[in-house]
Amino acid sequence: MSNDDHETLTGLHEMVLSRLGPALVSGELAVGTVLKIDEIALQHGVSRTVARDVVKVLESLELVVTRRRIGVTVRPRSEWNVFDPRLIRWRLAGSDRARQLRSLSELRHGVEPIAAALAAAHADPEQCGRLTAAVIGMSVTGRRGDLEAYLGFDKEFHCALLEASGNDMFAALASVVGEVLTGRTHHDMMPAQPEPAAIRLHADVASAVASRDAIGAELAMRAIVDEAQEAMELAFGPATIPVESSVE
């Protein structure tokens, strides 16, 4: 297969995935709906090979299950791989955004302040340097109002912090937090120019981690996630965000 052919197949694969994935997480394709490979291929104008590859990705996300002589069946929300960044991205882009943001906000509240305290105990000089560099980058790009560049430094900060915690499971959540930050930026939940107070809080975390101040690091990080939750509630209102349910 030539590179051009491979790129074409990859493009078709992503096109179908970008249609089916959001349809599944939004409920447009209800739980229990049975899909056929041939029908997917025909509906989206692709080969059965592409359709099968797309279904394999959806199976890895636990959005669907394939059974012989039955087909591809849509699974309930309680069985989804909810930590997968791609699934998070689809939910943030759709009608489920408010519920997803609440769920992610609660996760951040439970993890990031503790991770900051652990980082104060475990961070090495290289990790402290990454935190400081990320804060400097946020400050520079924030003043310019360059939200995409700011987002990159913000994601780097939180990734470095979770890794510096010394807890592998916390570190594995870096991509999840990254999707939250990306969603806030791409769905207009960030001010046109990031708040200097928010950047100062990140600097406070970096300083506390470098000085081995676990309490200071935890308090500053808790203030950061509180600010993120306030922005979410400002956008949606607390009463409009339903409690996450595992029952369909």
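**Exercise 1.** Determine what A116 touches, leaving out residues up to four places away in sequence, and decide whether A116 is buried or exposed.

*Solution.* The model is a predicted one.
Step 1: list the contacts. A116 touches L161, V205, V209, A217, E218 and M221.
Step 2: A116 lies in helix α5, which spans residues 97–122.
Step 3: classify the accessibility. The relative accessible area of A116 is 0%, and buried means under 20%, so A116 is buried.
Step 4: compare sequence and space. A116 and A171 are separated by 55 residues in sequence, while their C-alpha atoms are 12 Å apart.

**Exercise 2.** Identify the residues with the most contacts inside the largest nonpolar core, and the elements that give two or more residues to this core.

*Solution.* Step 1: the largest nonpolar core comprises 26 residues, and L58 and L63 have the most contacts inside it.
Step 1: two or more residues each come from α1 (3–25), α2 (37–44), α3 (48–60), β3 (71–74) and α4 (85–93).
Step 2: examine L58. Beyond its neighbours within four places in sequence, L58 contacts L17, L20, G21, L24, L63, V64 and W90.

**Exercise 3.** Describe how α6 and α7 pack, giving the angle and the distance between their axes.

*Solution.* Step 1: helix α6 (residues 125–144) and helix α7 (residues 147–164) pack at about 160 degrees, and their axes are 8 Å apart.
Step 1: angles over 145 degrees count as roughly antiparallel, so α6 is roughly antiparallel to α7.
Step 2: the handedness of the α6 and α7 crossing is left-handed.
Step 3: examine the contact. Among the residues that meet are L131, V135 and M138 in α6 and F153, F157 and L161 in α7. By class, the contact of α6 with α7 has 13 nonpolar, four polar and four charged residues.

**Exercise 4.** State where E62 and R212 are placed, and give the phi value of E62 and of R212.

*Solution.* Most residues other than glycine have a negative phi.
Step 1: take E62. Its phi is near 60 degrees, a positive value in a residue other than glycine. E62 sits in the loop between α3 and β2 (64–67), and its relative accessibility of 32% makes E62 partly exposed.
Step 2: take R212. Its phi is near 65 degrees, again a positive value in a residue other than glycine. R212 belongs to the loop between α10 (196–210) and α11 (214–236). With a relative accessible area of 46%, R212 is partly exposed.

Note on methods
Residues are numbered from 1 along each chain as its sequence is written. This is a predicted model: local features need pLDDT of at least 70, side-chain atom pairs count only at pLDDT 80 or more; totals for chains, interfaces and linings use all residues. Side-chain values use heavy atoms; hydrogens and water are left out. Helices (H or I, at least four residues) and strands (E, at least two) are DSSP runs, numbered from the N terminus. Buried means under 20% relative accessible area, exposed over 50%, partly exposed in between (1.4 Å probe, protein chains only). Contact means heavy atoms within 4.5 Å. A nonpolar core is a set of buried Ala, Val, Leu, Ile, Met, Phe, Trp, Tyr and Cys residues joined through side-chain atoms within 4.5 Å. Axes are lines fitted to C-alpha atoms, for helices over the stretch in contact, and angles run from 0 to 180 degrees between N-to-C directions. Angles under 35 degrees count as roughly parallel, over 145 as roughly antiparallel, 65 to 115 as roughly perpendicular and the rest as oblique. A crossing is left-handed if the near helix is turned anticlockwise from the far one by less than a right angle, and right-handed if clockwise. Ala, Val, Leu, Ile, Met, Phe, Trp, Tyr, Cys and Pro count as nonpolar, Asp, Glu, Lys and Arg as charged, and the others, Gly among them, as polar.
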